[in-house]
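I opened this notebook to record what I looked up in the structure shown below. The entries follow the order in which I took up each topic.

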Amino acid sequence: MERTFVMVKPDGVQRNLVGEVIRRFEAKGFTLVGLKMMKVSRELAEQHYDVHRERPFFGSLVEFICSAPVVAMVWEGDGVVASARKLIGATNPLTSEPGTIRGDFGVSIGRNLIHGSDAIETAQREISLWFAPEELVSWEPANKSWLYE
Ligand code: DAT
Ligand code: MG
């Protein structure tokens, strides 16, 4: 089944939104298969945001991600990559729809609370960048037959 990488960024952790994020993904019907809190190394942050290396905000973005702990997660479910992006909302929280995590809790693009992989291939890359295989737990939720036809 499909998996995606989600990270509560330092601002989300500091604003006590870890539980809210997990609650929303759980309530939606996705399955948590990986979870850890960590201080991010500069090397990992730079690798994670490698596609943005040439952008003017790259330096401050990397600095921000390394500034305080994050909570990294892997979520599983049918169509979870695209659906997680919808739950998270558009990049700029000022214009993200209300009802999304960024739309409900943020006001600025450099403090947008949460990351979610933008495509299936990106998700695979990010999961293997952030998690060792043995850190991921495959399990069958007992309510699966009530979530899927
Ligand atoms: P997303 O996180 O929605 O996938 P992205 O991949 O375009 O967005 O950018 C990665 C992060 O970089 C984003 O979450 C916040 C930061 N960022 C993007 N555009 C920015 C900008 N114009 N100014 C400051 N930070 C920006
Ligand atoms: Mg992105």
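**Entry 1: Surroundings of H115**

I began with H115 and found that, leaving aside neighbours within four places in sequence, H115 is in contact with F5, V6, M7, K9, H48, Y49, I88, R102 and E126. Contact here means heavy atoms within 4.5 Å. I noted that this is a predicted model, in which local features need pLDDT of at least 70 and side-chain atom pairs count only at pLDDT 80 or more, while totals for chains, interfaces and linings use all residues. Residues are numbered from 1 along each chain as its sequence is written, chains are lettered from A and ligands numbered from 1 in the order in which they are written, and side-chain values use heavy atoms, with hydrogens and water left out.

I then asked where H115 is placed. H115 belongs to strand β4, which covers residues 114–116. Helices (H or I, at least four residues) and strands (E, at least two) are DSSP runs, numbered from the N terminus. H115 counts as buried because its relative accessibility is 10%. The classes are buried for under 20% relative accessible area, exposed for over 50%, and partly exposed in between, with a 1.4 Å probe and protein chains only.

I also consulted the record: an unreviewed UniProt entry lists H115 under "active site". UniProt positions are given in the numbering used here, feature names are shortened, and annotations may be inferred rather than shown by experiment.

**Entry 2: The chain as a whole**

I looked up the secondary structure, and the chain has eight helices and four strands. Read from the N terminus, the order of elements is β-α-α-β-α-α-β-α-α-β-α-α. The radius of gyration is 15 Å, close to the 15 Å that the globule rule gives for 149 residues, so the chain is as compact as a globular protein of that length. This radius is taken over C-alpha atoms, and the rule is 2.2 Å times the number of residues to the power 0.38.

Along the principal axes, the C-alpha atoms fill a box of roughly 45 × 35 × 25 Å. I noted that 46% of the 149 residues count as buried. Among contacts with a separation of 6 or more, 78% are between residues 24 or more positions apart.

**Entry 3: The annotated domain**

The unreviewed UniProt entry gives "domain: Nucleoside diphosphate kinase-like" for residues 1–138. I found that this span is 41% helix and 17% strand, and that its end C-alpha atoms lie 10 Å apart.

V70 lies in strand β3, residues 70–76, and is buried at 0% relative accessible area. Leaving aside neighbours within four places in sequence, V70 is in contact with residues including M7, V8, K9, P10, V13, I65 and W130. V70 and L113 are 43 residues apart in sequence, yet their C-alpha atoms are 9.9 Å apart in space.

N16 sits in the loop between α1 (10–14) and α2 (18–28) and counts as exposed at 68% relative accessibility.

V62 lies in helix α4, residues 58–65, and is buried with a relative accessible area of 0%. Beyond four places in sequence, V62 is in contact with R42, A45 and E46.

N92 is in the loop between α5 (80–88) and α6 (101–105) and counts as partly exposed at 27% relative accessibility. Not counting residues up to four places away in sequence, N92 touches S108 and I109.
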